[in-house]
Amino acid sequence: MPRLPILVALLLALAGTPPSHGQSTSRAARPDLAEANRQIVDETNRFRASHGAGPTASNPMLAEAARRFAAYMASTDRYGHDADGSQPPQRAKAQGYAHCLLSENIAYAFHSSGFRTADLSRRIVAGWKESPRHRQNMLDADVTETGVAVVQSPKSGRYYAVQMFGRPQSQRIEFRIANRSTTPLRYELGGEWYALPPKVTRTHEQCRAETLSMRLPGEDKPTTIQPAAGERYAVERVGARLRLSKG
C-alpha cells in the first residue's frame with residue numbers, strides 16, 4: 001500500500017512588505033521561473049548527493065501537479081497543502097502519476113524589490129534545508145522522481161513554490177521468500193513479524209527497502225538480508241543446519 005505523504009509547509013521570512021492587492025510590482029526584479037525550477041531540482045540533487053542519496057529525475061506528471069497547485073495558490077493567495085481542497089496524492093493521481101511513495105514541500109517568498117533567478121531558487125532551497133521536515137523529504141533515499149514549480153501571485157507579488165517527490169508503483173520492490181524446510185519459521189520485515197510455515201512461499205511488495213531479519217534454529221544472532229527487487233530467497237537444510245540464501 002502507498003505510504004501517506006509527509007506534508008510540510010514553509011514561509012520564507014524575507015525583508016520587505018507585501019504590496020496590497022492590486023498594487024503594481026512592475027519595478028521589482030522578475031526571475032526566470034522556468035530556470036528557477038531547474039535550479040531547485042539541481043540544487044536539491046546536489047544536496048542529496050552530499051548526504052549519500054541518489055538523484056531524483058524530473059517527472060512531467062509530478063511537475064504538472066506541482067505547477068497546477070502553485071498556480072492555484074498564486075491565483076488565490078491561499079496557502080497550505082489542502083488549499084485547493086485536495087491532498088498531494090490526489091493532485092499527483094489527477095495527472096496520471098501512480099505513486100508508491102509521495103511527499104510534498106511548499107513555501108512562499110516575497111521581497112519588495114523582487115528576486116534574481118538564482119537568488120530566489122537559493123533562498124527557497126536554503127529554507128527547506130533548514131527545516132527538519134523539509135530536509136527529511138529532500139534527503140529521502142527511497143524517492144526517485146521529482147516535480148517543481150514556482151509561480152508568482154499577480155495580486156500579492158508572492159512567489160509560491162511546490163516541490164513534489166515520488167517513487168512510482170513501477171519501482172516497487174517485489175521479492176519472494178520460501179521455507180523449503182519442515183520447520184515453522186518467523187521473520188521480521190519493516191517492524192512487522194510474519195509466519196513462514198514449512199513448504200510455504202510468501203511474496204512481499206515494498207515501497208521502501210526494509211531489512212529482513214530471521215533467527216534460525218541454533219543461531220545466536222539473526223540472519224539479515226536487504227531484499228532486492230525480483231529476488232527470490234529460501235530457507236533450506238544444509239547438513240544439520242538451516243540456511244537462508246538466494247535461490
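Q: Which handedness does the crossing of α1 and α4 have, left-handed or right-handed?
A: This is a predicted model, in which local features need pLDDT of at least 70, side-chain atom pairs count only at pLDDT 80 or more, and totals for chains, interfaces and linings use all residues. Residues are numbered from 1 along each chain as its sequence is written, and side-chain values use heavy atoms, leaving out hydrogens and water. A crossing is left-handed if the near helix is turned anticlockwise from the far one by less than a right angle, and right-handed if clockwise. For α1 and α4 the crossing is right-handed.

Q: What is the orientation of α1 to α4?
A: The axes, lines fitted to C-alpha atoms over the stretch in contact, with angles running from 0 to 180 degrees between N-to-C directions, come within 9 Å and cross at roughly 40°. Angles under 35 degrees count as roughly parallel, over 145 as roughly antiparallel, 65 to 115 as roughly perpendicular and the rest as oblique. Therefore α1 is, relative to α4, oblique.

Q: Which side chain makes a polar contact with the side chain of Ser121?
A: Ser121 is found in helix α4 (residues 117–130), and Gln39 and Ser121 are among the residues through which α1 and α4 meet. A polar contact is a pair of N or O atoms within 3.5 Å, where within protein one must be able to donate a hydrogen and the other to accept it, and residues adjacent in sequence count only if both atoms are side-chain atoms. At 2.6 Å, the partner of the Ser121 side chain is that of Gln39.

Q: Why does Ser121 count as buried?
A: Buried means under 20% relative accessible area, exposed over 50%, and partly exposed in between (1.4 Å probe, protein chains only). Contact means heavy atoms within 4.5 Å, and Ser121 touches Ala36, Gln39 and Ile40, not counting residues up to four places away in sequence. Ser121 counts as buried because its relative accessible area is 4%.

Q: What is the relative accessible area of Ala234?
A: Ala234 is in strand β12 (residues 232–238); helices (H or I, at least four residues) and strands (E, at least two) are DSSP runs, numbered from the N terminus. Leaving aside residues up to four places away in sequence, Ala234 touches Ala178, Arg180, Arg243, Leu244, Ser245 and Gly247. Ala234 is buried, so its value falls below the limit, at 0%.

Q: How far apart are the C-alpha atoms of Glu188 and Met214?
A: Glu188 belongs to strand β7 (residues 185–189) and is partly exposed, with a relative accessible area of 28%. Not counting residues up to four places away in sequence, Glu188 touches Trp193, Thr211, Leu212 and Ser213. Met214 is 26 residues from Glu188 along the chain, and their C-alpha atoms are separated by 6.5 Å.

Q: What is the phi of Asp77?
A: Asp77 lies in the loop between α2 (60–76) and α3 (88–94). With 16% relative accessibility, Asp77 counts as buried. Asp77 is not a glycine, yet its phi is positive, about 55°.

Q: Is Lys199 buried or exposed?
A: Lys199 lies in the loop between β8 (192–196) and β9 (200–206). Lys199 is not a glycine, although its phi is positive, about 65°. Its relative accessible area is 59%, so Lys199 is exposed.
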